[in-house]
Amino acid sequence: MTAPPELLTPTSPAEAAAVFGDGEGVTVMGGGTILLPELTYGKLRPTRVLVLGRAGMSGLERADGSVRIGAGTPVGELDGAPEPLVTAAKHVADVEIRAVGTIGGNLCATAGASAPRGDLQAPLLALGARITSVGAGGETTEDITAFLEHGTGRLVLSLEVPDGQAFGYARLDRPHTHHYTMLAVTAVRGADGVRVAASGVGARSQRLAGVESALAGGATAAEAAERAGEGLDLPTDALASSWYRGQMLPLLVQRALGQLG
Amino acid sequence: MHLTVNGVAEEVRADPLTSLLRVLREELHITSPKAGCEQGGCGSCTVLVDGEPRRSCLTPLIAVEGCDITTLEGLSNGVELAPIQQAFYDLYASQCGFCSPGMMMASTALLSEHPNASREQIMEALEGHICRCTGYVKIIAAVESVANGSAAGGTNGAVASGGSR
């Protein structure tokens, strides 16, 4: 039997950042909905666990044209957040899990054994969320695309999301017995064009570069949707085959773009 | 670590990251919360934490220190069944019974906040709860019968008019 992990239980965001340090050897627990089963089944044997439950990192703060969302905000408490986050959040798992699972944990979720996780990554990508995190090199604020590219290893403090933009959201409903998104597409029309991103297309959500560049070049929604799969290596997993995802993705892109008006 | 379970103050010794489910079942021998999937997918472990429905398999002990936990064992007064239990009994909403504790705890939380909950609210509250006997129709009818006041409140399997739904 291994020794139980050392617990770090900060009571403020500043204390959380201080004890996280450069993140070396630290496992972060937000709501625990992803970590607990891994601990229960012994798939994860951490040495130090940073428990964020009492770190005061929850809540929404409205500024001019955007909303700052604390990383510890439960997915079920995003009603005041910008769309399409509100719409997408209602499709995450179920009401009991949404009450504890956090937006920060969802953002940082890696692929699960049976399916991609992190259902809110695509809406956040399409919104161009800016992520404030701490870790090696101190505190940084960067675009979510860059944040997801360098992967885990940082402690997210907050997410800043622009408000009031036209959006579209289309998804394949998950089967009743599974909590993760099979496939979903989010489109947002921002100041610099339309950003389109998809969940369920790999270990992490991805922007659909082909669709975005086709739209920038004046293509119709139907023409842009034909380029939905560009640059993607669609997974086969417990929820759907790569082939099926490939068939459905352009349809969802068209539906999401259609909602932009 | 201290917590209150069904009104009884308990001191438990488990590691703080142990799931509340395992603490309840293995340390306190309270076995109505079921270890179905133990990964948040089935709802059979749902208990109330300070009145809110929570998956006990996803809840680390450290998150409920000092909290009030209610399990199915805490619903009745030991003499009469709670209304939701009576409705499950009267309307045949349990078949194998494995999902029933979680279903009843989630329903209890819903009905305490929305005593006249609509069918849609009931379905949302139970969306994460899986019944492998597929008895959903009777389960929802039982919760509805409490919400709309038509529960028989009766005895011995007497089927109220709602039973035919």
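Which residue follows α2(B), with a phi that is positive? Tyr92(B) follows α2(B), and its phi is near 55°.

## Basis of the model

This is a predicted model, in which local features need pLDDT of at least 70 and side-chain atom pairs count only at pLDDT 80 or more, while totals for chains, interfaces and linings use all residues. Residues are numbered from 1 along each chain as its sequence is written, and chains are lettered from A and ligands numbered from 1 in the order in which they are written.

## Chain B as a whole

Chain B contains five helices and five strands. Here helices (H or I, at least four residues) and strands (E, at least two) are DSSP runs, numbered from the N terminus. The order of the elements, starting at the N terminus, is β-β-α-β-β-β-α-α-α-α.

Along the principal axes, the C-alpha atoms of chain B fill a box of roughly 50 × 30 × 25 Å.

Of the 165 residues of chain B, 50% count as buried. A residue is buried if 20 or more other C-beta atoms lie within 10 Å of its own, exposed if 12 or fewer, and partly exposed in between, with C-beta atoms placed from the backbone. Two residues are in contact if their C-beta atoms, placed from the backbone, lie within 7 Å. Among contacts in chain B between residues at least 6 apart in sequence, 58% join residues at least 24 apart.

## Helix α2 of chain B

Helix α2(B) is largely enclosed by the rest of the structure, because six of its eight residues are buried. These are Ile84(B), Gln85(B), Gln86(B), Ala87(B), Phe88(B) and Asp90(B). The buried residues of α2(B) pack against α3 and α5 (136–147) of chain B.

Helix α2 (residues 83–90) and helix α3 (residues 100–113) of chain B pack at an angle of about 130°, with their axes 10 Å apart. This makes α2(B) oblique to α3(B). Axes are lines fitted to C-alpha atoms, for helices over the stretch in contact, and angles run from 0 to 180 degrees between N-to-C directions. Angles under 35 degrees count as roughly parallel, over 145 as roughly antiparallel, 65 to 115 as roughly perpendicular and the rest as oblique.

On the α2(B) side, the contact is made by Ile84(B), Gln85(B) and Phe88(B), and on the α3(B) side by Ser100(B), Met104(B), Ser107(B), Thr108(B) and Leu111(B). By class, this contact of α2(B) with α3(B) has four nonpolar, four polar and no charged residues. Ala, Val, Leu, Ile, Met, Phe, Trp, Tyr, Cys and Pro count as nonpolar, Asp, Glu, Lys and Arg as charged, and the others, Gly among them, as polar.

## Where chains A and B meet

In chain A, 21 residues are in contact with 24 residues of chain B. Three elements of chain A, α2 (35–40), β3 (48–51) and α4 (95–98), each supply at least two residues of the side that touches chain B. The most comes from α2(A), with four residues. This side of chain A divides into 13 nonpolar, six polar and two charged residues.

## Backbone exceptions

Most residues other than glycine have a negative phi, and most peptide bonds are trans. Glu38(B) is not a glycine, yet has a positive phi of about 50°. Glu38(B) lies in the loop between α1 (20–27) and β3 (46–49) of chain B, and is buried, with 21 other C-beta atoms within 10 Å.

Thr134(B), also not a glycine, has a positive phi of about 55°. Its place is in the loop between α4 and α5 of chain B, and Thr134(B) is exposed, with 9 other C-beta atoms within 10 Å. In chain A, the peptide bond from Glu83(A) to Pro84(A) is cis, with omega near 5°. Pro84(A) is in the loop between β5 (66–70) and α3 (85–89) of chain A.
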